[in-house]
Amino acid sequence: MLKIALLTAVTLLFSLIITPFIIAISKFLDVKDKPNNRKVHKNPVPTLGGLSIFISFLLGITILQPQSDYHLAIMLGATLVIILGFFDDIIDLPANFKFVAQIFIASFVVFWGGLQVEFVNLPFGGQIEFGLLSSVITVFWIVGVTNAMNLIDGLDGLAAGVSAIALFTIAGIAVSMGNVYVVTLALVLFFSTLGFLRYNFFPAKIFMGDTGSLFLGYMISVLALLGFKSVTIVSFLIPVFILAVPISDTLIAIVRRYVNSQPLSSPDSSHLHHRLLQMGFSHKQTVLLIYALSTMFSAAGILFSMATLWGGIVIFVISMVSLQLLIENLELISSNYKPLTNFLKALKHKL
């Protein structure tokens with residue numbers, strides 16, 4: 001494992017070298033993310049940064065030659081995601097087309113590649129067999145996480161940093177499980193993303209664009225499946241902890257738009273990073289706060305993986321209560337939605 005870690009670190013150098021070339025190419029082709037009323041940057045910024053992550057990742061994979069029955073399907077799926085993201089950054093594809101394309105790619109990996117969550121073992125004995133639903137659940141997971149990472153990509157360095165934290169955590173847990181393939185891919189992608197982050201952190205010289213956010217979301221969803229599929233229902237929740245920030249931000253956005261009678265695909269300015277900015281935090285402070293949240297939930301996921309059943313329940317409850325309080329205090333759904341806060345106030349008043 002130490003040898004793998006040292007070799008994967010080479011991709012950090014690849015990414016640091018490649019990214020300036022991608023910046024130059026983006027400028028030459030005039031592929032830039034232009035400001036609008038929802039975006040916080042004031043000047044056009046070169047995009048296509050996802051290409052530098054992908055190219056560095058490919059170079060690392062070529063050197064290390066990881067082996068898995070799912071490898072070919074995963075890499076073909078990743079290539080299709082990169083092509084989808086690239087064209088979206090160039091010509092701004094319709095949202096419905098992108099969603100259908102993501103379902104197609106996920107279905108390809110599931111049905112042709114054979115990557116599926118087939119069952120989970122219950123902590124008190126027995127199993128939950130997903131049967132025919134296993135394919136649907138797996139496709140839903142891949143598409144959901146892919147879009148969650150895409151939606152959180154709203155500030156300089158945000159999606160890259162959150163992805164790096166998730167990848168490092170997945171690699172760490174995979175080491176304890178002896179899953180060499182997941183360790184290799186996760187670390188190669190971690191270092192590729194870390195090198196890109198050098199140019200993407202505030203103030204960003206380049207954005208990853210949909211090319212990068214869709215690719216990272218896809219790969220993280222697949223690696224989480226590979227690392228934790230067909231295990232206990234407790235362990236099955238570990239990737240949810242690791243990806244708690246992008247997943248919860250996406251689910252909250254769906255609830256918020258439903259409550260406000262808005263189309264579910266309609267963009268808004270009430271995501272986690274928007275609310276923190278509106279509260280007066282600076283761009284850099286907001287990104288660092290979300291990094292801290294991601295790290296806390298990832299740490300909870302690690303503790304969750306090592307805990308007893310009842311210890312896991314305690315960690316889960318504390319995490320859910322903390323998340324609920326965050327949602328209410330930041331008014332991520334609405335200013336009137338504060339059931340837990342009101343309950344605690346009423347309880348305090350009675351005591």
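**Figure 1. A whole-structure search finds four salt bridges.** A salt bridge here is a side-chain nitrogen of Lys or Arg within 4 Å of a carboxyl oxygen of Asp or Glu. This is a predicted model, in which local features need pLDDT of at least 70 and side-chain atom pairs count only at pLDDT 80 or more, while totals for chains, interfaces and linings use all residues. Residues are numbered from 1 along each chain as its sequence is written, and side-chain values use heavy atoms, with hydrogens and water left out.

**Figure 2. Asp 88, Lys 98 and Asp 210 are linked in a network of salt bridges.** Lys 98 and Asp 88 meet through their side chains at 3.0 Å, N to O. Lys 98 lies in helix 5 (residues 95-112) and Asp 88 in helix 4 (residues 71-91), so this pair ties together parts that are 10 residues apart in sequence. Helices (H or I, at least four residues) and strands (E, at least two) are DSSP runs, numbered from the N terminus. Lys 98 also forms a salt bridge with Asp 210, with the closest N and O atoms 3.3 Å apart. Asp 210 belongs to helix 9 (residues 209-228) and Lys 98 to helix 5, so the pair ties together parts that are 112 residues apart in sequence. Lys 98 counts as buried, at 15% relative accessibility. Asp 88 is buried at 5%, and Asp 210 is buried at 14%. Buried means under 20% relative accessible area, exposed means over 50%, and partly exposed is in between (1.4 Å probe, protein chains only).

**Figure 3. Glu 331 and Arg 275 meet in a salt bridge.** Their side chains are 3.8 Å apart, N to O. The pair links distant parts of the chain, 56 residues apart. Glu 331 sits in the loop between helix 15 (309-329) and helix 16 (339-350). Arg 275 is in helix 13 (residues 272-278). Glu 331 is partly exposed at 28% relative accessibility, whereas Arg 275 is buried at 15%.

**Figure 4. The whole structure holds nine aromatic pairs, Phe 57 with Phe 215 being one of them.** Rings of Phe, Tyr and Trp (its six-membered ring) pair if their centres lie within 6.5 Å; planes under 30 degrees apart count as stacked, over 60 as edge-to-face and the rest as tilted. The ring centres of Phe 57 and Phe 215 are 5.7 Å apart and the planes stand at 65 degrees, so the pair is edge-to-face. Phe 57 lies in helix 3 (residues 50-64) and Phe 215 in helix 9, so the pair ties together parts that are 158 residues apart in sequence. Both Phe 57 and Phe 215 are buried. Phe 54, Phe 57 and Phe 215 form one aromatic cluster.

**Figure 5. Phe 86 and Phe 87 form an edge-to-face pair.** Their ring centres lie 5.7 Å apart, with planes at 80 degrees. Phe 86 is partly exposed, with a relative accessible area of 26%. Phe 87 is also partly exposed, at 42%.

**Figure 6. The charged end of Arg 198 sits over the ring of Tyr 199.** The distance to the ring centre is 5.1 Å. A charge sits over a ring if NZ of Lys or CZ of Arg is within 6 Å of the ring centre and within 35 degrees of the ring normal.

**Figure 7. The largest nonpolar core has 97 residues.** A nonpolar core is a set of buried Ala, Val, Leu, Ile, Met, Phe, Trp, Tyr and Cys residues joined through side-chain atoms within 4.5 Å. Phe 57, Phe 215, Tyr 218 and Met 219 touch the most other members. Helix 8 (residues 180-200) gives the largest share of this core, 13 residues. Met 219 touches Phe 57, Ile 74, Ala 78, Leu 185 and Leu 189, leaving aside residues up to four places away in sequence. Such a contact means heavy atoms within 4.5 Å.

**Figure 8. Ser 248 lies in helix 12 (residues 244-259).** A polar atom of the Ser 248 side chain lies 2.5 Å from the backbone oxygen of Ala 244. Ser 248 is buried, with a relative accessible area of 12%.

**Figure 9. The protein has 16 helices and four strands.** Of its 351 residues, 51% are buried. Among contacts with a separation of 6 or more, residues 24 or more positions apart account for 71%.

Notes:
A polar contact is a pair of N or O atoms within 3.5 Å; within protein, one must be able to donate a hydrogen and the other to accept it, and residues adjacent in sequence count only if both atoms are side-chain atoms.
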